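My notes follow in the order I took them.

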Amino acid sequence: MTAKVLVFSVTAGLIALSGCVSKGTIKDSPRLESTKIVVPPMERLTPREMSLNIVDNRAPEYKNHSAEISAELTRVLTLALGRQNIALKSNAANQMTLTIQDYKTAEFQEGCVLLTGSLDIPKKGKANASANSCMEFKSFGRKVGSDIGAAYENALSEVFKGINSGLEQMP
């Protein structure tokens with residue numbers, strides 16, 4: 001009898017855990033938190049503004065929410081860049097292109113994203129960076145959930161870190 005209760009408790013716990021950690025896959029439009037995106041000071045960026053162009057290069061079966069993802073990325077980057085006094089403006093001379101791609105590994109399938117950023121600064125050059133991130137949760141070797149929002153937040157932080165490094169190399 002005790003073994004049946006233990007099995008039931010473990011099963012119920014895993015079901016509850018999977019409900020808590022499953023926050024979407026690469027097919028979904030994530031809800032992002034700007035405070036979880038780390039943007040370096042980017043002191044070499046002048047003027048302190050950029051335009052943002054988002055390109056969705058994910059596989060066709062993942063593009064159902066392209067417009068929502070673009071709007072969410074614009075919203076969250078407006079806030080994250082704003083903390084560094086960098087404004088997103090459609091007519092800015094500095095142009096940032098952010099490309100979204102689906103990404104898989106042998107171990108992780110649906111909780112991964114690959115982001116590539118390219119910041120073009122007229123008369124100075126380009127700063128490029130790329131980052132991938134996976135957020136999938138497993139228990140006893142089985143996937144119990146994923147958090148594509150956390151994957152985007154981590155990848156965005158790494159892209160801006162790389163862009164900042166590229167800015168520091170410019171004349």
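Predicted model: local features only at pLDDT ≥ 70, side-chain atom pairs only at ≥ 80, totals over all residues.

Entry 1: I looked up the strand order first. The sheet is open, has 5 strands and reads S2-S1-S3-S4-S5, with mixed pairing. I then asked which strands stand at the edges. They are S2 (87-88) and S5, and each has a single partner strand, so one side of each is left without a neighbour in the sheet.

**Entry 2: the pairings.** I reminded myself that strands of a sheet pair through backbone hydrogen bonds, either parallel or antiparallel.

- S1 (residues 49-56) and S3 (residues 95-102) are parallel, with 6 bridges. Here Asp-56 is opposite Ile-100 of S3.
- S3 and S4 (residues 112-121) run antiparallel and are joined by 8 bridges. Met-96 has Leu-119 of S4 opposite.
- S4 and S5 are antiparallel too, over 10 bridges. Asp-120 faces Lys-126 of S5 as its opposite residue.

**Entry 3: the disulfide.** How many disulfides does the whole structure have? My search found 1. It links Cys-112 and Cys-134, with the sulfur atoms 2.1 Å apart. The angle about the S-S bond is 115°, and the link is right-handed. I also checked where the two cysteines sit.

Entry 4: Next I looked at what lies against the strands. H2 lies across S1, S2 and S3, and runs at about 155° to S1. H3 packs on the sheet as well, where it touches S3, S4 and S5. The direction of H3 makes about 155° with that of S5.

**Entry 5: helix against helix.** I then turned to how H2 and H3 meet. The axes of H2 (residues 66-82) and H3 (residues 148-169) come within 12 Å and cross at roughly 55°. That angle makes H2 oblique to H3. The crossing is right-handed.

Which residues make the contact? From H2 I noted Ile-69, Leu-73, Leu-77 and Leu-81, and from H3 Tyr-152, Leu-156 and Phe-160. Sorted by class, the contact of H2 with H3 has 7 nonpolar residues, no polar ones and no charged ones.

Entry 6: For my own summary, I have a mixed sheet of 5 strands, a disulfide between Cys-112 and Cys-134, and H2 crossing H3 at roughly 55°.

Note on methods
Residues numbered from 1 in each chain as written. Heavy atoms only, no water. Axes fitted to C-alpha atoms, helices over the stretch in contact; angles between N-to-C directions. Helix = DSSP H or I, 4+ residues; strand = E, 2+ residues; numbered from the N terminus. Parallel < 35°, antiparallel > 145°, perpendicular 65-115°, else oblique. Left-handed = near helix turned anticlockwise from the far one by under 90°. Contact = heavy atoms within 4.5 Å. Nonpolar A, V, L, I, M, F, W, Y, C, P; charged D, E, K, R; others polar. Pairing = 2+ DSSP bridges. Disulfide = S-S within 2.5 Å.
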